[in-house]
Amino acid sequence: MPGAGAKRQEQEPDPRPEPGGASADTSEAAVQPAPEPPAGVRWALLVQKIQTGDQQGMEELYKIFSRGVKFYVWRHLGTRDLDDRIHDIFLLVVEAIRNGDLRDPDKLLAFVRTVVRRQVAGQIKGIARQRQRETALDTKAYLAVDPDNPEAQAMARERVEIMKEVLDGISPRDREILTRFYLRGQSEEQICREMDLTHNQFRMLKYRAKMRFGEMGKRRLRKRRLQAFFMRFSGSR
Amino acid sequence: MSAVRIGEKPGESRNHPSEETLERYVMDRLQEAEEACVEEHLLLCEECRGKVEETEDYVRAMQTALAELEQRRSRAAREGSETGRKRRWGLPRLAWAGSLAAIAAAIVMVVPRNGKQDGPVELRLTALRGQAGISAPAAPAGRRLVLSLDIEGLQRRPAYEVHLVGAEGEVLFDRTAVAEAGSLKIDLAEGLPAGRYWVRVFPPGHAKVPLREFEFLIE
Ligand SMILES: [Zn+2]
């Protein structure tokens, strides 16, 4: 079984659009330069405005970063007190800029990220300390999605069922590879070494699973609202 | 971080992280410098924030499906070997302890704390599973149990969420655990009844893509 699977994969071209095909989990470290500011924005000018207390500068800062900051905070801390937390973070950023903590205005992006991360990490530590004291077992259902959103739950369940169909249709060896990567947290490097795979074969397997997931999702959910979600996985590669 | 240029507006040049990079971001497997790049990009890029959410949904579906299929298979295997199991449980205590030691050498260490026979037992669960088909580590039922979960290789975070999942996929508890020296410790003062269990480690907060899963038995 393994031999056949490996051969089949070897003959397929690399589906990915990007060249180079880098590497295992730890070696793809060709770090990009920091993203450019949005069109028409100059970090130095924006920082200067904030330092001089210009209201327009603060509004601009909020406009540029509020959604990104909100996304980060929401992913780590959830929706609770979200707006208050965003507000506090912006106050901190503005205050720090005014205090001269940002020496190089071109590093504004990295600076905002650092402030946000510190804030979130501090809050997580607080929550952890509080929860460590709670030792009683509780029987909350395992819900990866918002428990107050039955539609999101149904969609998540549907995705799992489709994925099970995908996984039922592949070889036990391929399933083990995916299990090692997605469930056991093993690195691509370790999996390739222990399962005698090339990195290309490994990526091809993951790519195929994703394609299949998209196709099956589309077929199964053609007339349903979930279709929009799956289109994104299979249509554009 | 490999990158592709997509969805650029005129006059705008943006290096979006590749799908693979976003997947590793979601799974907490980027090195710090790469993670910084991705997060800075996400601060400004709505399109990639959407992709992160999609990737999270995909990875979560994959993990849940894999876990459920695994549970289904191990349930089937358990039912198939029920007779053999009963016989094994009937072995004298010393022989049972010996077989446990053999498993311990491979993937787990079961350590009576303070050397006391009735003291807490520490079950060290590591992410490295050399071979397929190896038995899940085991610990005795009804004893105070300290689970020590290996989080080496994950992004350093101050704390993680840990779910203990029973054989039917039900969450028995969720708890926030503070990371210490490459591991998370979960103290189960009451111990656990016999059965098969899974421990899932999540990043803290809202993101619910499990980073790692460990399986163990209570016998
Ligand atoms: Zn982007």
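Predicted model: local features only at pLDDT ≥ 70, side-chain atom pairs only at ≥ 80, totals over all residues.

Student: What covers the buried residues of helix 8 of chain A?
Tutor: The cover includes helix 7 (172-183) and helix 9 (199-220) of chain A, together with helix 1 (19-26) of chain B. Residues are numbered from 1 along each chain as its sequence is written, chains are lettered from A and ligands numbered from 1 in the order in which they are written, and side-chain values use heavy atoms, with hydrogens and water left out.

Student: Which residues of helix 8 of chain A are buried?
Tutor: In that helix (residues 188-195), A:Glu188, A:Gln190, A:Ile191, A:Cys192 and A:Met195 are buried. Just after the helix, A:Asp196 takes a positive phi of about 55 degrees.

Student: Why is A:Phe71 called buried?
Tutor: Buried means under 20% relative accessible area, exposed over 50%, and partly exposed in between (1.4 Å probe, protein chains only). A:Phe71 has 9%, so it counts as buried. It is found in helix 3 (residues 55-77) of chain A.

Student: What does A:Phe71 touch in chain B?
Tutor: B:Leu42, B:Arg49, B:Val52 and B:Glu53. Contact means heavy atoms within 4.5 Å.

Student: What makes the arrangement around the zinc ion tetrahedral?
Tutor: Start with the donors, meaning N, O and S atoms within 2.8 Å of the metal (3.2 Å for Na, K and Ca); water is not among the atoms, so sites may look incomplete. Here they are B:His16 (ND1), B:His41 (NE2), B:Cys45 (SG) and B:Cys48 (SG), at 1.9 to 2.3 Å. Four donors count as tetrahedral if all angles lie between 85 and 135 degrees. The four donor atoms subtend angles of 102 to 116 degrees, so the arrangement is tetrahedral. Ideal angles are 109.5 degrees for four tetrahedral donors.

Student: How are those donor residues spaced in sequence?
Tutor: As H-x24-H-x3-C-x2-C. One pair links distant parts of the chain: B:His16 sits in strand 2 (residues 16-17) of chain B and B:Cys45 in the loop between helix 2 (32-44) and helix 3 (46-80) of chain B, 29 residues apart. B:His16 is buried at 2% relative accessibility, and B:Cys45 is buried at 1%.

Student: Why is helix 2 of chain B described as largely enclosed?
Tutor: Because 11 of its 13 residues are buried. Among them are B:Cys37, B:Val38, B:His41 and B:Leu42.

Student: How do you know that the length of helix 2 of chain B is close to the expected one?
Tutor: The expected span is 1.5 Å times one less than the number of residues. This helix has 13 residues and reaches 19 Å from its first C-alpha to its last, close to the expected 18 Å.

Student: What makes strand 7 of chain B mostly covered?
Tutor: Strand 7 (residues 159-165) has seven of its seven residues buried. B:Ala159, B:Glu161, B:His163 and B:Val165 point one way, with B:Tyr160, B:Val162 and B:Leu164 pointing the other way. In a regular strand the side chains alternate between the two faces of the sheet.

Student: How do you know that strand 7 of chain B pairs with strand 8 of chain B?
Tutor: Two strands pair if DSSP finds at least two bridges between them. Strand 7 and strand 8 (residues 171-180) of chain B have seven bridges, in the antiparallel sense. B:Val162 stands opposite B:Arg175 in strand 8 of chain B. Their hairpin has five residues between the strands, and B:Gly169 there takes a positive phi near 85 degrees.

Student: And which other strand pairs with strand 7 of chain B?
Tutor: Strand 10 (residues 195-202) of chain B, antiparallel over five bridges. B:Leu164 stands opposite B:Val199 there.

Student: How many bridges join strand 8 of chain B and strand 9 of chain B?
Tutor: Two, in the antiparallel sense, and at least two are required, so they pair. B:Ser183 in strand 9 of chain B is the bridge partner of B:Glu180.

Student: How many helices and strands does chain A have?
Tutor: It has 10 helices and zero strands. Helices (H or I, at least four residues) and strands (E, at least two) are DSSP runs, numbered from the N terminus. Of the 237 residues of chain A, 44% count as buried.

Methods:
Tetrahedral: all angles 85-135°; square planar, octahedral: opposite > 155°, others 65-115°. Lists of a residue's contacts leave out its neighbours within four places in sequence.
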